[in-house]
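Here's a quick briefing on one strand and its partners. Have a look at the model first.

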Amino acid sequence: MSSVTLSPASTTSPGNPSGFYRNRRTARTTNIIPKCRTRFRAKPLSAALVEEARPRALPPVRSNNSINGAGGEANLSSIVLAKDRADDIQAESKALARASNASVYSPELLKNKYSSRPFKVLQRTLQIVVGLGSFGLKLWIDQLQGQLVQNRRSRAIELRETFTRLGPTFVKLGQGLSTRPDLCPPEFLEELSELQDALPTFPDAEAFACIEKELGIPLDSIYTSISTSPIAAASLGQVYKAKLKKSGQLVAVKVQRPGIEEAIGLDFYLIRNLGFLINKYADIITSDVVALIDEFARRVYQELNYVQEGQNARRFKKLYADKEDVLVPDIFWDYTSGKVLTMEWVEGVKLNEQAIIEGQGLKVLDLVNTGIQCSLRQLLEYGYFHADPHPGNLLATPEGKLAFLDFGMMSETPEEARFAIIGHVVHMVNRDYEAMARDYYALDFLSPDVDVTPIVPALRNFFDDALNSTVSELNFKTIVDGLGAVLYQYPFNVPAYYALILRSLTVLEGLALYADPNFKVLAASYPYFAKRLLTDPNPYLRDALIELLFKDGKFRWNRLENLLVQGKQDRDFAAKDALQPVLKLVLGPDGDELRSLVTKEAIRVTEAVTIGGLLDTYNSIPGPLRSFIPNGNGIGPGGLNEAEMENMMELRQQVLRIWGLLQTSNSFDPSILQPIVQVLQEPEARNLGGRVFGGITQRLAARLLQQVLRSPATVRAPTL
């Protein structure tokens, strides 16, 4: 790769990213920028796009007026950082001003624009009709010959190839359809998910002219050097590697493709008109196609505004780059506009290039797991997530970090849906298909007037078969395909956010399966789900936790133990957070029924611990002396028979194991008991404690009375 040197001071060593955009072309060594001295150096391509981000912590300015000693240095540093923050805000404001004329999707404006240009519309219509018409004709023939199902795979491949030929709008449309199980059969979903948004590059001279026009500065005033050919290209733009003249930092400069707004505007005008026809005549499709097209078009237009993408990146960085193994490049606002985006350069390798990654001493599965954990936080914690995590947008850095790139397509998960998704997983574990069906209301899959009764058998038929193994052993794609078949048969309307969630997790699982065919995304996700269930005070999740732990009036200690084992694997798990929400739920105003269950279980546990202690003491006594201890007719303390003793000791051991899990938590500290003591001082807690104490006293008194009334026994208590 060659570079244009804009200053005699230095040259670049352009890299070859493994991703971001996929097309490359041979470097040219032509003088692109007039009046600039150029020299070229061919160097090996690096697998990189954006340099490692160096997040700047900008604490508030301290009120300390001292300027002497360490305190003065800290105060001066705060002042400098505050100034940097102010400069950054000002630069962002200027970038927003440069992008003030960025296009926004408006069906009305497109209609007004193209209704007066019939010849242009007709020409593009013919291109689309020829491409899609031939595909539709083959589908019609398949239907006449009864081969629609048999030929579904080959037709899906043809549709993917047709979309690629028709250009960027249809490539984006195909990618959108690949996330819509309510619109497409599984074979089409698989093929369309392989679409690559790749197009030929456009002339470098046009790209450089666009940079100067957008930023209002000559190129030689911005860069010391810039690559003479794009590092990579995609449907909406192409990327160059450059070195900033002011700071000397390496950056990636993304430049928008000329005329792209005109091209996609005309296409969406035509596609939307087609959507009206589909809504009117295609009864098999239950979703509002025009609404789906409008939603999709709005997202594509947002991708055309690079300042918006920069703001997306900043927001994403603020939320998720606090993790030591996640990297998000920063934005240079001084060199960003609606059609030009400048980001830090990250040295890295595409996540699907396993041999290269592992040759650097890294493990692909570790990086994928980082991506899964970060994606779960995105989807279910803050609700703001990267909607396009394909291999080109995920890089492994030499330091072992996972770098997220390209923030043009982002989405948000509604707050209610975040908790409903976690609850849905709980209902799946419990095989509560009626509750699973009701979850679709909260997920906005179904309108409230739709009866879910017919859906329950379909869910039962699929999951009873799929859950023959444990849930953690299920492949995520298997569940998506199974649910997709259900969605395709019933009147579901999959919201855009959920379709993008499915796409994100399916892509991550695909990357993991590429490295290890036995990898299970659900198993890797369990620690996060367990942590949220144990620690989140949200009422929906507290109810889901109780639903998981209690069944038929009995407490399932094995479920609690499993949750703690899984939750501990999450690095953010805190034992103190796992105790208080449950206590508050038990002691709450609506906890009467639950308090009754807890009281009953607390009596059992206290009895098991007490009698277990007595048995330990009894077993520690030398054999000859045990004969002097009265034992009644029972075979153990309290007159317990063998089965009762075994169950009680098993319960005691389970409780002790659970306490041990809490103690070995990374965040365990005896001080976590202090807020619990405070909670237990509440009136309801004292009443509950009194009920437990009274219950255990009665139980032990009853057992003692049984011992007294029984005739002496010759059988001695067994040792453990």
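Tyrosine 223 has leucine 244 in strand E5 as its bridge partner. Strands here, like helices, are DSSP runs numbered from the N terminus (E, at least two residues; helices are H or I, at least four). This is a predicted model, where local features need pLDDT of at least 70, side-chain atom pairs count only at pLDDT 80 or more, and totals for chains, interfaces and linings use all residues. Residues are numbered from 1 along each chain as its sequence is written, and side-chain values use heavy atoms, with hydrogens and water left out.

**Who pairs with E5**

- Two strands count as paired if DSSP finds at least two bridges between them.
- E3 (residues 223–227) runs antiparallel to E5, and three bridges join them.
- E4 (residues 232–233) is also antiparallel to E5, with two bridges; there, alanine 233 partners glutamine 238.
- E6 (residues 250–256) pairs with E5 over seven bridges, again antiparallel, and lysine 254 in E6 is the partner of valine 239.

**The turns**

- Getting from E4 to E5 takes a hairpin of three residues.
- The E5–E6 hairpin has five residues between the strands, and glycine 248 takes a positive phi near 80° in it.

**How covered E5 is**

- E5 spans residues 237–244, and eight of its eight residues are buried (under 20% relative accessible area with a 1.4 Å probe, protein chains only; exposed is over 50%, partly exposed in between).
- In a regular strand, side chains alternate between the two faces of the sheet.
- Gly237, Val239, Lys241 and Lys243 point one way from E5, while Gln238, Tyr240, Ala242 and Leu244 point the other way, and all are buried.
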